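Let's take a walk through this protein together. Please keep the sequence and the 3D view side by side as you read.

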Amino acid sequence: MFRNFMKAALAALCLTLVLVPLPVNAQTSGLNLYISLNPTTVLAGEWSRVTTVVINNSGSSVKTTVTFSAVDPCGTKTSLGYNRLALGPGEQVLITTAYPTSPDACRGTHVVTASAGGGGKGKTASTGSTASANLEVQ
């Protein structure tokens with residue numbers, strides 16, 4: 001039963017990665033970030049799913065913190081949370097969160113960003129790894 005669930009989950013993840021474009025790739029010191037939004041256009045007050053893939057392409061373990069934020073056209077910054085990760089060599093992880101826009105949100109392009117930086121003892125990812133995607137709010 002568990003094996004079938006894992007196969008279905010992996011198949012759904014692969015299908016999602018194929019069907020949803022990953023518009024942005026940021027790479028630094030063996031750490032890649034990919035981010036996408038679904039949907040990419042919402043009415044003010046609606047939510048968009050934020051999907052981020054973090055890949056450790058190095059030959060050693062990496063500890064990092066992935067921080068999510070958004071900036072609207074009026075300059076308001078919204079924190080969407082963070083995840084602390086410890087990735088082994090070649091390991092990758094999928095992180096999802098949501099961006100809830102308020103009913104009175106500024107209309108226009110909101111920039112949603114995932115940033116990876118240092119996160120603990122041992123080898124840490126360099127600061128400055130970021131990936132961004134645009135959300136149109138109508």
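Confidence in the protein is lowest in strand β1 (residues 24–28), with a mean of 42, and highest in β3, with a mean of 97. These values are pLDDT, the predictor's confidence in each residue on a scale from 0 to 100. Over the protein the mean pLDDT is 81, and 71% of the residues reach 70 or more.

Two stretches call for care. A contact here means heavy atoms within 4.5 Å. Where pLDDT is low, the predicted coordinates should not be read in detail.

This is a predicted model, in which local features need a pLDDT of at least 70 and side-chain atom pairs count only at 80 or more, while totals for chains, interfaces and linings use all residues. Residues are numbered from 1 along each chain as its sequence is written, and side-chain values use heavy atoms, with hydrogens and water left out.

## The overall plan

The protein has 1 helix and 9 strands, arranged along the sequence as α-β-β-β-β-β-β-β-β-β. Both kinds of element are DSSP runs numbered from the N terminus: helices are H or I with at least four residues, strands are E with at least two.

Of the 138 residues, 36% count as buried. Buried means under 20% relative accessible area, exposed means over 50%, and partly exposed lies in between (1.4 Å probe, protein chains only). The protein exposes about 7700 Å², of which carbon and sulfur atoms supply 56%; these areas come from the Shrake-Rupley method with a 1.4 Å probe. Among contacts with a separation of 6 or more, 63% are between residues 24 or more positions apart.

## Strand β4 and its partners

How many of the 10 residues of β4 are buried? The count is 8, so this strand is largely enclosed by the rest of the structure. β4 pairs with β2 in the antiparallel sense over 8 bridges, and 9 bridges join β4 to β7, also antiparallel. Strands count as paired if DSSP finds at least two bridges between them.

T51 lies in β4 and is buried, at 10% relative accessibility. S36 stands opposite T51, and beyond four places in sequence T51 touches Y34, I35, S36, L94, I95 and T96. Further along, V53 stands opposite L94 in β7. A98 also belongs to β7 (residues 92–100) but is partly exposed, with a relative accessible area of 26%. A98 and S48 are 50 residues apart in sequence, yet their C-alpha atoms are 5.7 Å apart in space.

## The nonpolar core

Which members of the largest nonpolar core touch the most other members? Of its 24 residues, they are I35, V50, V54, V66, F68, Y99 and V112. The elements giving two or more residues to this core are β2 (31–38), β4 (47–56), β5 (62–71), β6 (77–87), β7, β8 (108–118) and β9 (129–137). Such a core is a set of buried Ala, Val, Leu, Ile, Met, Phe, Trp, Tyr and Cys residues joined through side-chain atoms within 4.5 Å.

V54 shows the packing well: leaving aside neighbours within four places, its contacts include L31, L33, V66, L85, L87, V93 and I95.

## The disulfide

There is 1 disulfide, counted when two cysteine sulfur atoms lie within 2.5 Å. C74 is joined to C106, with an S to S distance of 1.7 Å. C74 lies in the loop between β5 and β6 and C106 in the loop between β7 and β8, so the pair ties together parts 32 residues apart in sequence. C74 is exposed, at 54% relative accessibility, whereas C106 is buried, at 17%. The link is left-handed, with -110 degrees about the S-S bond.

β9 has a covered face of S129, A131, A133, L135 and V137, and an uncovered one of T130, S132, N134 and E136. β9 runs parallel to β3, joined by 2 bridges, and V42 stands opposite V137.

Finally, look at the loop between β2 and β3 (41–42), where P39 is found. The peptide bond from N38 to P39 is cis, with omega near 0 degrees.
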